[in-house]
Structures are given as C-alpha cells and as structure tokens.
Amino acid sequence: MLEFVKFFLRNKKFTLVLTLFVLVFGLSGLARLNSESYPAVDFAMSTIVTVYDGASTEDIETKITKPIEDEIRGVTGIKDVSSISQPGLSRIFVRGDIDNADVAKLMIDLQRAVDRAQLPTDLQDPPLFTEIKSEEFPVVEIAITGPNDQRQRDEMADHLKEEIEDNKDILEVRPVGFVERAFEINLDVKRMTNMYVSVDEVVRAIETRNVNTPGGHLESDVEQKLLRIEGKIQNKKDIESILIRSNASNQHIYLRDIATVVDGKEEAKVLTSHNGEEATLLIATKKAGADTLDLVSAIDEKISLFQEKYKGVFEIHVYFNEALNVKKRVGILQSNALAGLLLVILFLFIFLPGRIGFVASLSLPISVMATLAFMPIFGMNLDAITILALVIAIGMMVDNSVVISENYTRLRGDGISSREAILSSLQTLWLPITATAMTTIAAFLPMLVTKGIMGEFIKFIPIIVCIALLMSLIESFFLLPMRLDGVAAKKAKQQSDWFQRKFLPIFEKFVSLAVRFRYLSLGVFAATLVGSFVLMFVFNAFILFPPDQTEIYAARIELPSGTTLETTHKEVTRIAKNIHQNMSDQINHIVARAGISTLGPNDPKEKESENVGIILIYVNDDTKFNTPHTTFLNDLRKIKSDVALVSYEAAINGPPVGEPVNATFRSNDSKHLEELTEIIKLYLESIPGLRDVGIQDVFGDEEVFVKINYVKADQLGLTSQQIGSAVRTAISGKVVSDVNLRNKEVDLVVRFAPAYRKNLQDLSKVTLMGRGGYLVPLSSVANFELAPATAHIKRFDYKRSKTLTANIDLEVISSVEANQKLMDKFTEVQKQYKDVSLVFGGEEENTKESMESLFNALVLSLIGIFALLVFLFNSYLRPLVIMTTIPLGLVGFSISFYLHQRPISFLAMIGLIGLGGIIVNSGIVLITFIEELRQENPSMKLHEVLTKASGLRLRAVVVSSLTTISGLLPTAYGIGGSDAMLVPMTLAMAWGLTSGTILTLIWVPCGYAIIEDISNLFRRSK
C-alpha cells in the first residue's frame, strides 16, 4: 500500500496528468448520458388484444380468451394473468416474474403461445401482442382542435403523425379520438328485396371484384412481358360500378342500384376533447435508448412548422411534454447537488486550514467525474434516481479526504515533515478508512435484492453509491497525497484554532461525565430509542408513494348501460368544461376521452365501453407545489353530474403501485363470487376513510339473442355460420376488402343503411340466399329475444374474478389498515364461500413485496457490516459496540418525519437502510483511535483514553458527517427546487445521520467502557 503511495508522491507530474485524465474521462461519460425522468425499467408486462366484431361476451370468453389462456398457462415465468371479455373484444394482461424469469425469453414464449391458440377462422386480424417497456414511454402528447366535418382535422393529424414518425428515435405515434377513412357501403333493404339480392351476394361480388391477379410472363425470342389482370378499385366510382348480377337479357344490377357509397369514416371507438373543445390526440412514444431532450426538441420543430402552416384553422396544444419534466427534475437535482457541493466545500474551509481544505475539497469533483465516467458503461441515464444517488454520495466522497487531511494537519502541527505525515496518516488510517467505505457499501449493496418493479426502480442507487465510494478511496489514497505534499508549508505550525479552543474542552468534559455515569447514559439511550420506535410505528403512517406534488388528477365518468358514445362524449365534455370554468386558475390542460376509462396498463378500474369516459386534469406548478392533493380533490368533488357517476382521484408520483385497496376475488362459481363480493363491498362502504368503493364491473348494452330454427334452416339450405355472418354484416358491418389510396389502406365496409339497423324489425329484414337461389327472410328461420345487459367477464389466473377497489382518506386511514380490515372480513365470510379465493393487488401487493425486500436487505446489510467489523478489529465485542450505533439514526429519522408531518415511504425506508452503513463510520474511527491510544499509552487510565480519543477524533467525525449531511440537506428541503418523490430519502438520511453522529460521539465511549466492565467481570470470575 505505502509503496504505491510513494510512487505517486515521487511522480507528481504523472499523478497530475492522471488526475486530468479522470476529469476528461468523466466529462466524456457525462456527454454520453441520456436525460430522462426515471430509470428504464423492464416491467415484464404484456397485453394481448383480440377484436372479434359482433361476438357476445360469452362467445369472446369461450372462443378467444380461454383458448389463448390455455396456451399461456404452459409458459414458464408468469406471475399472473388477468383478462376481460366483452362484446367484440378480448383483452388479456400478463405479468411476468420479473425477479426469476428471463424477460426476453418469456415474451418470445408468450408470443408463440398466442400464435398456437386455435381461434375462429373469420377473425379480421390476429391477436395483437404488445410488450410494455418503460423505456418506450410517451414523450409528447398533443391535442389538435379545429373543424372535422370532412375529416379535415384527422387528415391534418395524420400528416403530423407521419412527419413525427419520420424521426428514427420515434417508436410510434398513436392517434386517439381519430377515425380512419373508409368507404361506407350502406345497403338499401327495400331495393335489395325488389331486385332479389342478398347480403352475402353483395359481399361476394365486392370480394371477387377488388383483386389484382398476376398472369405470368409473355415470352418471345427477344423479349418478355409481365401479364397482370387489373381489378383493384381506385375510387368511389369504381365501387359504385361493381357488378352484382347480370343475365343473358343484358340486365345488370350494379352496387349503386342497391346501395349508397359514402367516402366517409370508420365508426368511432373513442371521442376526445381538450379544454372542452373537440380534439384529435397524438401520443408520441420514443424508442429505447433515445435521448428525451433531443427527441422532443426535434418534435417541437415539426409542431412549429404545422402551427405556422395551419394558423387560424387548427390549434396544436402540447398538454404533456416529458422533456419539460426531465429538465425540471434534472435541474432541481442539479441545483440541489450544486448547493450541497458548496456547503461541503464551505464546511471543509471552516474546519480545515485554508490550503489543506482546498486540496481536500478537490477530491469531490475528481470522484464525481470518475463516477460519471462509469455510468454509461453500466447502461445508466441521467435521471431522478441516478442523480439522487450522486447527491447521497456527494458528502461521503470527501469523508476519506477529510479524515486523512485532518490527521495530516495534526501531525504537521506536531512537527513532523509533510511526506512523513502523509505516509504515517495513510499507514494508520488506510484500513479503517477502507472499512468505513466497505461498511457503507455493505449497507447499500443489499438493496439489489429488492423485488419487483421497486427493485428495478432503485437498483442504480446502490450501484452508483458503491462506484462513488470506490472512486473516492482510490482518489484519497493515491491522488490526494500528491496535492497535500504540493501545498505543504515549509515550516509546520502548531495546530490551534477556534474549534479546539472553544468546543473541544466542552465536549471532553461532557464525554468524561457520560463515561463516569455510563449505566445512566445507557438507560437514557435505551429510553430514547424506545421513544423513537413508538413515534415511528404509532404516530407515523406508512405509504408506499405519498401523493405529494400531484400534477395529474383523474375524473372517471360512467353513464347508464346502453348510452351511446356520442351521448357519453357530450356529458364528459360538459363536465370537463365545468371543471375548467370553475378551476381555470389552477389548471393548464383538461383532456377528456369518451369510450374508455384507464390510467394505464393494469389499471384495475380500466373500462372500455360506450358509456364510460375519463378526464385528465393537468394542474399548473403553483397548484402542484402549494395545494395539497386532498384540498384539490375536495374542490373537484363539488363538480357533479345529474346523469352520470363521477369519481375523482390523484395520480401519484413514482412507479406504478396501483390502488390503495385492490382485492380480486376468484371462483368458478359465478353466483358465490357475486354474493361474496357484494358482502365485502357493503362492509367497506361502512368503514370511515374509504371512498369510491366499487366492484369494477362493466355492463354492455341490452342483448338481442337470435334463436335459429335449425330444422327450417336446413330445409332451406342455410347454415348457422351463414346466418351469423349475414346478421353481423348487416348490423355491425363487415370490412369486405380494402383499397390503397395515396399510400393509405382504406377499408370497404358493407352494412345496412342507418335507417335499417335501429330495431328488431330491421333485423328481421335481413335476407339470405337459400337452396335453389331463393331469398329467405331471417324471420322465417329465427326468433329474436331481448335480454338485459350482462357484465363483461373478468378472469384472473384462469378463473372468473371480480375486482373490488377503493380510495382512502389518508388523514383517516392508511392502505395497510384498510386492507387488513378487508382481509379480516373475508376470513369471516369465506366459511360460507370456501370456493372463493382472495388475491391482493395494487398498493397492498407492492407494499407487502417491498417490505419483505427491505427486511431482507436490512438483514443482509447488518450481517455484512458486522462481518467487516469483526475482520477489522478481530473481535466480537468492539464491533458490537459499533453496531449499537445504527439504531441511533432512528431518533432523528422518527422525530423529523413526525415534525414534518410526512408518512414513512418506501424511499424513506431505503434511506434508513443505507443510513446504517454511514453511521457506523464514526464508530469505526472512534474505536480505532481508542485502540491505538491504549497501545501507545498502556499506563493511561481507560477513562482518560476514552475522553482523549473522542477529543482527538471529534473534528474528523464532525466534518465527515457534516459534509455528508450538507450534501443531502438541499435536496431534502428543496433549496434548489423540490421533488416530492426524492425528499423522503434525503430527509431520512440527513436527520438520521445528524442524530446518529451526535449520539455516536457520546455513546461509543460509554459503550466501550461498559464492554470493558463486562470483560473485567468475566476475567475476575475466572
């Protein structure tokens, strides 16, 4: 070790160049880092969506959902499978076991399983399999308002979509509230009957007409020509001229004779508005690895061009801009990191002599740059979590330099030469300094065992802290000595300053008193810890991710079953306008959608039906930072509807964790499932603090059952498939073909004209071509029965299920308490419904998983720290004294969270675990010097040794702790801007380290004396 140090001292020019290389290497690493809001997390989630127009809920379940689930069941690595079967649509959501499965292989296996499923042959499109990746997230969301009578707005949106997608870093631009162009072939039933034409005859005519057929090659001795039969439709006139039938008498029936052809649009599935105006939305999603800031800058240029081009006709509103969020978050963290850096340097200059403080402070930028250089190698971005990790590490990166520099200064004051002081300091301190770094690493590294999305979300914190500490060790051992020697004064001065004169005598007297009454001190410390535990577990709530600084609120709207999409859209837009008028001074954007209600993948409240909608309310910065979410929600809840159910909620910061109460009940007995769920729902509604309690069922429209008389149908030469196809074509419409116009696929949709598809009488007018060419009315082979609306069928892990969700009032009840009450009631009721099982999801599932992971990380970190201490001191008792300092951080932690009225969150607990590895550093330094003093002065009394050692190391301990605390405080209190998600972790570490350092300085001498008393007692007993 010392030989390496001597090498760098002898070769100062080489050491200087090496330092410069580290700085340049760090700058190059910083240039390669992409800027993002959060780390890229592989959610191991996928969706499988299958459209089967005209099919009933039961048919979707039996023909689509179950066959796909049966194939998925055999795939290894699945955590759970949930599905919704509704008229015309099957949606399956698969979550992989992110901790134990190879996600890439799992997704391939799932895709193959879906491809193997035996599905109906008349599906228009195969199931759409989509993997959900966090790095492929929306970067810009745009609302385009303006006229759309002839699809002008949609055409403009489509043009902008193509321009944005021209960027190679764009994954896709998804339009919402957008309808594709389509040729509507509206059949006139009366004319068809008069001309004796059936629906299936029209369909066959269009399908056989709209084709291009290759005819091979015409070859001669010298040349060849390609032969093609051109039958593709080119325009509306071609469609109208399609020949349906002709005879020998030269009589012809064309499509125009029995139908009206409209160059129109597909039937809308979702209608949207922005700030109360009709709108078309575009959601741009980036590819993995693309830099958000650069990409959004390129998109902004495209938007500016379109705004100029369509000025006065269309308005383009960017209601979500991820680049602004990235800039804000990164800017806030950078400002706080800079403030922390300045505080660190300030404390160094206060506690260390001028030049020594300056060269010690240089360790910080050198170590930071070295850490930045390695970040791209590990695939990191510059985001909230990685910058937070750097903020945590900032103060610790100079700890080693502080301890070495302080000891160097003390030795120089004793008259020792500069180089001898450096070598002596490193010889004495390299092992304890290395141990302090390793104990901190041992505290943070077990965070990698955190399971699920949370583990993926925070994994870069321990990695960056470990890299930073290792870089700091290397820098302080090999680069710092050269700088200390370079600024050394020719003549050493006795160290005597304000700190030693004013604080040292007072501190030594206090330590002396505490050691003398050490058992009383033990009682005081024990009582303090007990009080901290009571304060933490009784007076502080636990919330995984508190909804602080909420930026987005949601209003879910549900109208009576059977409501048309247009009616729902009008009501949703009316509510959105009402919100905007009443709260315009607090809101930037309001985006409303009718036909769907979801906040994202795996939303337990997700509904897709014509009678539901959702309004997203984007608040301004003043409201975000200054208005509590509870206050804003209370104001929102004053806005109601006379015809719809409206519920409001806040979208939390952080990774997706789900609803506070999210319970899924499973059973193959639908009756028992219904009864038990209703009992639990009524019970939850009676609990104070729970609101919006509901079973997440979606009811479709009233259903008409076509009862076929199979005997009559067979006699007339009709099959059930032929009947079903004709009915679906007439009423729902059928895409019989498509044409390519201006490089766009435009569907040809055949169905009855609107006047002929309103009621059951219209349905009876459907005619089919029977045996012998006779037209057969549907009413002659079938009866029609009207049935009430049925709920969409939900399944969870291959059984039918019902999901019950509820929001909570955090001032009255926590999610943990609410879910426990639900579990207690279920245990009581299950005796009557033994075939029903319960699975918790949402916040309860994530809380349980996170707490188990945190407990495992805590145990591993304690074992790792203790093992390192045993190795360092070759003793069990000395490490035991140091380990007792870890709980001392709980004092500041619990008091600070109580005083700041903050719930204990997941990231706060992460900070508490990491805190243990930092607090023990002070204990290590103290115990090391106590042992050295005892060896150097064997005749000195233990009481005197403890007092003197504490005094000698006071400056080093105080400065190293202050530098770490000062690096955290700006982020904890938002001096450079506040980020609610990151405050709990830095607040926990800053206050925990403050109490831990103060109490450690007093407790360690007392604890050491008590251990000595016990050892002496055992020796005397022998």
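Guide: A nonpolar core is a set of buried Ala, Val, Leu, Ile, Met, Phe, Trp, Tyr and Cys residues joined through side-chain atoms within 4.5 Å. The model shown is a predicted one. By this definition, the largest nonpolar core has 153 residues, and the residues with the most contacts inside it are I392, F444, I461 and F893. Helix 32 (residues 906–936) gives this core its largest share, 18 residues.

Leaving out residues up to four places away in sequence, I461 touches I385, L388, A389, I392, F444, M447 and M985. Two of these partners, I392 and F444, are themselves named among the residues with the most contacts inside the core. Apart from this core lies another one, of 43 residues, which includes V202, I233, I258 and A753.

The secondary structure of the protein comes to 34 helices and 30 strands. Its C-alpha atoms fill a box of roughly 130 × 80 × 55 Å along the principal axes. Of the 1022 residues, 55% count as buried. Among contacts with a separation of 6 or more, 80% are between residues 24 or more positions apart.

The charged pairs come next. Side chains of opposite charge can pair when their charged atoms come close. A search of the whole structure finds 31 salt bridges. One of them joins the side chains of K12 and D485, with an N to O distance of 3.0 Å. This pair links distant parts of the chain, for K12 belongs to helix 2 (residues 12–32) and D485 to helix 18 (residues 460–486), 473 residues apart. The two partners can be classed by their accessibility, since under 20% relative accessible area means buried and over 50% means exposed. K12 has a relative accessible area of 31% and is therefore partly exposed, whereas D485, at 13%, is buried.

A second salt bridge joins E558 and K607, whose closest N and O atoms are 2.6 Å apart. E558 lies in strand 16 (residues 552–558), while K607 is in the loop between strand 17 (587–594) and strand 18 (612–619), so the pair ties together parts that are 49 residues apart in sequence. E558 is partly exposed, with a relative accessible area of 21%; K607, at 10%, counts as buried.

The side chains of E571 and R574 meet at 2.9 Å, N to O. Both residues belong to helix 21 (residues 565–583), where they stand three residues apart, about one turn of the helix. E571 counts as buried at 10% relative accessibility, and R574 counts as partly exposed at 36%. Beyond such pairs, E58, E61, E69, R795 and R800 are linked in a network of salt bridges.

K802 lies in strand 29 (residues 799–808), and its relative accessibility of 9% is under 20%, so K802 counts as buried. The side chain of K802 makes a polar contact of 3.3 Å with that of E674. Leaving aside neighbours within four places in sequence, the residues in contact with K802 are A663, T664, F665, L673, E674, T677, I695 and D697.

The protein exposes about 44900 Å², of which carbon and sulfur atoms supply 56%. A nonpolar surface patch of about 890 Å² is made by V530, F533, V534, F537, V538, F539, I895, Y898 and L899. Helix 20 (518–538) and helix 31 (889–899) each supply at least two residues of this patch, and the largest share, five residues, comes from helix 20. V530 is one of the patch residues and lies in helix 20. The relative accessibility of V530 is 52%, which is over 50%, so V530 counts as exposed.

Definitions and conventions: Residues are numbered from 1 along each chain as its sequence is written. This is a predicted model: local features need pLDDT of at least 70, side-chain atom pairs count only at pLDDT 80 or more; totals for chains, interfaces and linings use all residues. Side-chain values use heavy atoms; hydrogens and water are left out. A salt bridge is a side-chain nitrogen of Lys or Arg within 4 Å of a carboxyl oxygen of Asp or Glu. Helices (H or I, at least four residues) and strands (E, at least two) are DSSP runs, numbered from the N terminus. Buried means under 20% relative accessible area, exposed over 50%, partly exposed in between (1.4 Å probe, protein chains only). A polar contact is a pair of N or O atoms within 3.5 Å; within protein, one must be able to donate a hydrogen and the other to accept it, and residues adjacent in sequence count only if both atoms are side-chain atoms. Contact means heavy atoms within 4.5 Å. Patches are made of residues with over 30% relative accessible area and no salt bridge: like charges are joined within 9 Å, nonpolar side chains (Val, Leu, Ile, Met, Phe, Trp, Tyr) within 5 Å. Accessible areas come from the Shrake-Rupley method with a 1.4 Å probe; for residues, only the protein chains shown count as cover.
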